[in-house]
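Thanks for coming. I will show one structure and go through a few of its features.

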Amino acid sequence: MRHAAAIARRSRKGERLEARVTPEQKKLIVRAAALRGFSVTDFVVASAQQAASEAIKAFELSTLYDDARDIFVNAILNPPSPNKAARAAAKRYKEQMVR
């Protein structure tokens with residue numbers, strides 16, 4: 001039963017990745033996979049997936065510290081009044097949306 005589940009899981013994987021590595025990199029990856037009890041493929045895929053998720057999260061998440069955080073929060077809580085250009089843009093927008 002366990003073997004059938006593994007085959008079913010593999011059959012859903014339709015995409016393929018390939019990478020060229022140095023002998024030292026392969027040796028390191030093979031050792032790490034063995035220490036974790038993974039196949040090399042499963043180890044590489046899991047590691048790449050984790051790195052990709054972290055890269056996306058870091059890109060999408062902005063972290064502000066100290067003065068930058070205070071300035072941002074203050075701008076959100078106390079927004080300035082719209083200037084002349086912003087009021088004119090809002091007026092043009094409303095006129096175009098009525099049509």
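Let me start with a question: how exposed is Asp70, in terms of relative accessible area? The model is a predicted one, and in it Asp70 has a relative accessible area of 46%, so Asp70 is partly exposed. Asp70 also forms a salt bridge with Arg69, where the closest N and O atoms are 3.8 Å apart. Arg69 counts as partly exposed too, at 39% relative accessibility.

The count of salt bridges comes to 2. Arg16 is exposed, with a relative accessible area of 69%. For Glu18 the relative accessible area is 69%, and Glu18 is exposed.

Next, helix packing. Helix 2 covers residues 23-36 and helix 3 covers residues 40-60; they pack at an angle of about 95°, their axes 9 Å apart. Angles of 65 to 115 degrees count as roughly perpendicular, so helix 2 is roughly perpendicular to helix 3. On the helix 2 side, the contact is made by Ile29, Val30, Ala32, Ala33 and Arg36; on the helix 3 side, by Val40, Phe43 and Val44. The residues of this contact divide into 7 nonpolar, no polar and 1 charged.

Last, one backbone detail. Which residue other than glycine has a positive phi, near 50°? That is Asp66. Asp66 is found in helix 4, which spans residues 66-77. With a relative accessible area of 52%, Asp66 is exposed.

Conventions: Residues numbered from 1 in each chain as written. Predicted model: local features only at pLDDT ≥ 70, side-chain atom pairs only at ≥ 80, totals over all residues. Heavy atoms only, no water. Axes fitted to C-alpha atoms, helices over the stretch in contact; angles between N-to-C directions. Helix = DSSP H or I, 4+ residues; strand = E, 2+ residues; numbered from the N terminus. Parallel < 35°, antiparallel > 145°, perpendicular 65-115°, else oblique. Contact = heavy atoms within 4.5 Å. Nonpolar A, V, L, I, M, F, W, Y, C, P; charged D, E, K, R; others polar. Buried < 20%, exposed > 50% of the residue type's maximum accessible area, 1.4 Å probe, protein only. Salt bridge = Lys/Arg side-chain N within 4 Å of Asp/Glu carboxyl O.
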